[in-house]
Amino acid sequence: MKLRATLIGFTAILMWSFLALFTAASGKMPPFQLSAICFAIGSIPGLVVLTLNPARLALLKQPAKVWITGILGLFGYHFLYFTALRNAPAVEAGLVAYLWPLLIVVGSALLPGERLRWYHVAGALAGLCGTFLIVGRNGIDFDGAYAVGYGAAFLSAFTWSGYSLLTRRFDAVSTDVVTGFCLATSMLSLFCHLGFETTVWPATSFEWVAIAGLGLFPVGAAFYAWDYGVKNGDIQILGAASYVAPLLSTLILVLFGFAELGWRMALACLLVTGGAVLAAQDMFRRKIPARSAAAE
C-alpha cells in the first residue's frame with residue numbers, strides 16, 4: 001500500500017516536469033484565461049470520481065482555512081508561473097520557479113522541532129548562485145527586459161512552498177477536496193480574465209492540444225497524485241525526488257526545441273538542483289537510524 005502510494009506520488013513529479021513545455025507550447029493566451037481553462041479541465045478526474053460515488057461529496061465540506069489555503073495556493077502559484085513564462089525565457093523562468101523544493105526544505109527546518117543546519121544554508125546559497133546565473137546575463141547587470149517574468153517566477157516559488165508547508169496541517173483532509181480547489185480556482189481565474197484581459201484563443205490545433213495536456217496532467221492529475229502520495233506514501237522519498245523536476249523540465253524544453261542548453265544554463269541547473277539535494281540531506285538520513293534501531 002505504501003509503495004503503491006509512493007509510486008503514484010512519483011507520477012506527479014513526472015507530470016510537473018512537462019509544465020514548462022506545455023505552457024510554452026500553448027501560444028499567447030493570457031494567464032488568467034489559461035488558468036481558467038486548465039483548472040476546469042483539471043477538475044475532470046475528480047468530478048468523474050464524485051459522479052461515480054456521490055457519497056464522497058460530503059468530503060468536500062471542510063473548514064474555511066482549508067479552502068483558503070488550497071485556492072490561494074493553486075490560483076496564486078499558477079497565475080504567477082504562467083505570467084513568468086509569458087514574460088521571460090522558458091528555461092530561465094522555469095528554473096527560478098523551481099526554487100520551491102529548496103524553499104520547502106529550508107522552511108521546514110524552521111518549523112517547531114526542526115533545526116537549521118549548515119547544509120540547509122549551503123544548499124540555499126547554491127540555489128541562489130544558480131538563480132544569479134539565470135537572471136544575471138551580463139555579469140552583475142540585471143536584464144531589466146525580463147524583470148516582470150523573473151519577479152513572477154520568484155513569487156510563484158514562494159507561493160507554492162508556502163502552500164505546501166501550510167497544508168501539512170491538513171493531512172487528514174481527503175484528496176477529493178482537490179476537485180473543489182480546481183473548480184474554485186477556475187472560476188476565480190475566469191472572473192479575473194473577464195475583468196482584466198482580452199480573450200485570445202489558440203491559433204492552431206497544436207496549441208489546443210498543449211492546453212488540453214496542460215489541464216489534464218500538470219494542472220490536473222498531478223495534484224491528485226501528489227496529494228495521495230504525500231498522505232499515504234513515503235513523504236521523505238517523494239520530497240527528495242521532487243528535486244529532479246528542474247533538471248527534467250529543462251531537458252524536456254531543450255529536447256522539444258524551446259530552448260538551448262548552454263554552459264550558463266547547465267551550470268545554473270546543476271547549482272539549483274544540487275543545492276536542493278544538499279539541503280534535503282535529512283530526508284535521506286532520517287531512515288537510517290530507524291533501520292539500525294530495528295536491527296538491534
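A residue counts as buried when its relative accessible area is under 20%. By that criterion, 50% of the 296 residues of the protein are buried in this predicted model. The fold is built from 16 helices and 0 strands. Among contacts between residues at least 6 apart in sequence, 86% join residues at least 24 apart. The protein exposes about 14,100 Å², and carbon and sulfur atoms supply 71% of that area.

Part of this surface deserves a visit of its own. Phe18, Phe206, Leu255, Phe256 and Phe258 make a nonpolar surface patch of about 540 Å². One of these residues, phenylalanine 18, sits in the loop that runs between α1 (2-16) and α2 (19-25). Phenylalanine 18 counts as partly exposed because its relative accessibility is 31%, and the partly exposed class lies between the buried limit of 20% and the exposed limit of 50%.

Glutamate 207 belongs to helix α11, which spans residues 205-232. Although buried, glutamate 207 has no salt bridge. The nearest side chain of opposite charge is that of lysine 28, 7.8 Å away, whereas a salt bridge calls for a side-chain nitrogen of Lys or Arg within 4 Å of a carboxyl oxygen.

Methods:
Residues numbered from 1 in each chain as written. Predicted model: local features only at pLDDT ≥ 70, side-chain atom pairs only at ≥ 80, totals over all residues. Heavy atoms only, no water. Helix = DSSP H or I, 4+ residues; strand = E, 2+ residues; numbered from the N terminus. Buried < 20%, exposed > 50% of the residue type's maximum accessible area, 1.4 Å probe, protein only. Lys, Arg positive; Asp, Glu negative; His and termini not counted. Contact = heavy atoms within 4.5 Å. Areas by Shrake-Rupley, 256 points an atom, 1.4 Å probe, with all protein chains shown as cover. Patch = residues over 30% accessible without salt bridge, like charges linked within 9 Å, V, L, I, M, F, W, Y side chains within 5 Å.
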